[in-house]
Amino acid sequence: MNTENTENTEQRPDAPAEPVRFETKIAVLLRADLEPWQRLNVTAFLVSGLGSQVPEVIGDPYEDADGASYLPMFRQPVLVFEGTKETLREAHTRALARALPCAVFTADLFTTGNDRDNRAAVRAVRTADLDLVGLAVYGPRNGVDKVLKGARMHL
């Protein structure tokens, strides 16, 4: 799979910049009934999973004009969607069927306080019974779009 973007790198100085169009998509799907603080927390946890295990999603480090260095970030936008509990369950099933890299956040993780207990909480529940509140997925645009069928952009 080619994960490079289709950015035109040889532009004439007077030519308008072509929009960058990525062949891949990073998306987060949140359950619509989450509190605002939960939405932010779940999104942060989910995308950290993608960044740690899918190295091609990470761009180069940043540096400002004074030479201060900053950590690299995703090389492309993260699109955030929302849906019902059923929408999340269906998206999860489709992501697994397509073998797309994904991260999950279950309702149980709001009651744990550390990484070890988080993993134990997920491990204790069968796939079909996970109480999903969030899902992050990465892959080819059309594949991710099919996984997210029925979800709507988060407002």
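Predicted model: local features only at pLDDT ≥ 70, side-chain atom pairs only at ≥ 80, totals over all residues.
How many bridges join β1 to β6, and do these strands run parallel or antiparallel? Seven bridges join the two strands, and they run antiparallel. Residues are numbered from 1 along each chain as its sequence is written, and side-chain values use heavy atoms, with hydrogens and water left out.

Let me begin with the sheet. Two strands pair if DSSP finds at least two bridges between them. On that basis there is an open sheet of five strands in the order β5-β6-β1-β4-β7, and its pairing is mixed. The edge strands are β5 and β7, the latter at residues 152-153, and each of them pairs on one side only. Strand β1 is joined to β4 by six bridges, and these two run parallel; here leucine 29 stands opposite phenylalanine 81 in β4. Towards β6, the bridge partner of alanine 27 is valine 137.

Is β1 enclosed or open to the outside? Buried means under 20% relative accessible area, exposed means over 50%, and partly exposed lies in between, with a 1.4 Å probe and protein chains only. Eight of the eight residues of β1 are buried, so the strand is largely enclosed by the rest of the structure. In a regular strand the side chains alternate between the two faces of the sheet. In β1 both faces are covered, with Thr24, Ile26, Val28 and Leu30 buried on one side and Lys25, Ala27, Leu29 and Arg31 buried on the other.

Now to helix α1, which covers residues 36-53. As one example, threonine 43 is buried at 18% relative accessible area and, leaving aside neighbours within four places in sequence, is in contact with Val28 and Leu30.

What, then, sits between helix and sheet? A nonpolar core is a set of buried Ala, Val, Leu, Ile, Met, Phe, Trp, Tyr and Cys residues joined through side-chain atoms within 4.5 Å. The largest such core has 17 residues, and those with the most contacts inside it include Val28, Val42, Leu46 and Phe105. Strands β1, β5 and β6 and helix α1 each supply at least two residues of this core, and α1 gives the most, with four. Apart from it lies another core, of 15 residues, among them Ala95, Leu100, Leu130 and Val137.

Finally, the aromatic rings. Rings of Phe, Tyr and Trp (for Trp, its six-membered ring) pair if their centres lie within 6.5 Å, and planes under 30 degrees apart count as stacked, over 60 as edge-to-face and the rest as tilted. A search of the whole structure finds three aromatic pairs. In one of them, tryptophan 37 and phenylalanine 110 have ring centres 5.7 Å apart and planes at 65 degrees, so the pair is edge-to-face. This pair links distant parts of the chain, since tryptophan 37 is in α1 and phenylalanine 110 is in the loop between β5 and α3 (115-123), 73 residues apart. The rings of phenylalanine 45 and phenylalanine 105 have their centres 5.9 Å apart and their planes at 55 degrees, so that pair is tilted. Phenylalanine 45 is partly exposed at 46%, whereas phenylalanine 105 is buried at 5%. Together, Trp37, Phe45, Phe105 and Phe110 form one aromatic cluster.

Conventions:
Contact = heavy atoms within 4.5 Å.
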